[in-house]
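Thanks for coming. I have one chain to go through today, and I will start with the terms.

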Amino acid sequence: MTEQPSPSTPETKVVLAGKVLDADEVALQRAVRRARTRGAKVLLTFLIVGLVVVFATSFWVSRNASGDTGLAFFLLLAALLFIMVYFGNNYWQWRVPQAFAMRCPHCDEPLVDAIHWTKRPGYACPHCGKDALCTARQLGEG
Ligand SMILES: [Zn+2]
């Protein structure tokens, strides 16, 4: 029986664009990643439940008014729901690193200056262009 060599570092090393992150930085990256994923899951659940409710209501409308009214009702509300979830998710993806006051591990500039509703934040720092947000795989979670 050969003993497994005891690992001196319990955490896997997280490297971002050539820089090894320290324990605090890794903990922050994990917290941000978890909060972002949680928000996305909540919104997805909201979308699915919303679609079921909208579908049921439209079905009821089409039985009591007309099929066309029911379809129009469904399309309108479904589109509204998708728009809400899309922008809600964009907002949340920016809001989390902003709330954690995340800074770039390379140039120490804040990663989020303002919330952009139309897109999600990228992994690269807007100031120096180096990778500033860990992916799930880099954190050993993917
Ligand atoms: Zn930077």
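A residue is called buried if 20 or more other C-beta atoms lie within 10 Å of its own, exposed if 12 or fewer do, and partly exposed in between, with the C-beta atoms placed from the backbone. What you see is a predicted model: local features need pLDDT of at least 70, side-chain atom pairs count only at pLDDT 80 or more, and totals for chains, interfaces and linings use all residues. Residues are numbered from 1 along each chain as its sequence is written.

Now the overall layout. The chain has two helices and two strands, where helices (H or I, at least four residues) and strands (E, at least two) are DSSP runs, numbered from the N terminus. In order from the N terminus, the elements run β-β-α-α. The radius of gyration of the chain is 22 Å, well over the 14 Å that the globule rule gives for 142 residues, so the chain is more spread out than a compact globule. That radius is taken over C-alpha atoms, and the rule is 2.2 Å times the number of residues to the power 0.38. Along the principal axes, the C-alpha atoms fill a box of roughly 70 × 50 × 20 Å. Buried residues make up 15% of the 142 residues.

Contacts next. Two residues are in contact if their C-beta atoms, placed from the backbone, lie within 7 Å. Of the contacts in the chain with a separation of 6 or more, 53% are between residues 24 or more positions apart.

Helix H1 covers 23–64. Asp 24 is in H1, and Asp 24 is exposed because it has 8 other C-beta atoms within 10 Å. From Asp 24 to Pro 105 is 81 residues in sequence and 11 Å in space, C-alpha to C-alpha. Ser 62 also lies in helix H1; with 17 other C-beta atoms within 10 Å, Ser 62 is partly exposed. Leaving aside neighbours within four places in sequence, Ser 62 is in contact with Gly 67, Thr 69, Gly 70 and Leu 71.

Helix H2 takes in residues 67–99. Which residues of H2 are buried? Gln 93, Trp 94, Val 96 and Pro 97 are, and the buried residues of H2 pack against helix H1. Phe 82, also in H2, counts as partly exposed because it has 13 C-beta neighbours inside 10 Å.

Most residues other than glycine have a negative phi. Asp 108, in the segment after H2, has a positive phi near 65°.

Last, the core. A nonpolar core is a set of buried Ala, Val, Leu, Ile, Met, Phe, Trp, Tyr and Cys residues joined through C-beta atoms within 7 Å. The largest one has eight residues: Leu 16, Met 102, Cys 104, Leu 111, Cys 125, Ala 132, Leu 133 and Cys 134. Among them, Leu 111 touches Pro 97, Met 102, Arg 103, Cys 104, Cys 125 and Ala 132, not counting residues up to four places away in sequence.
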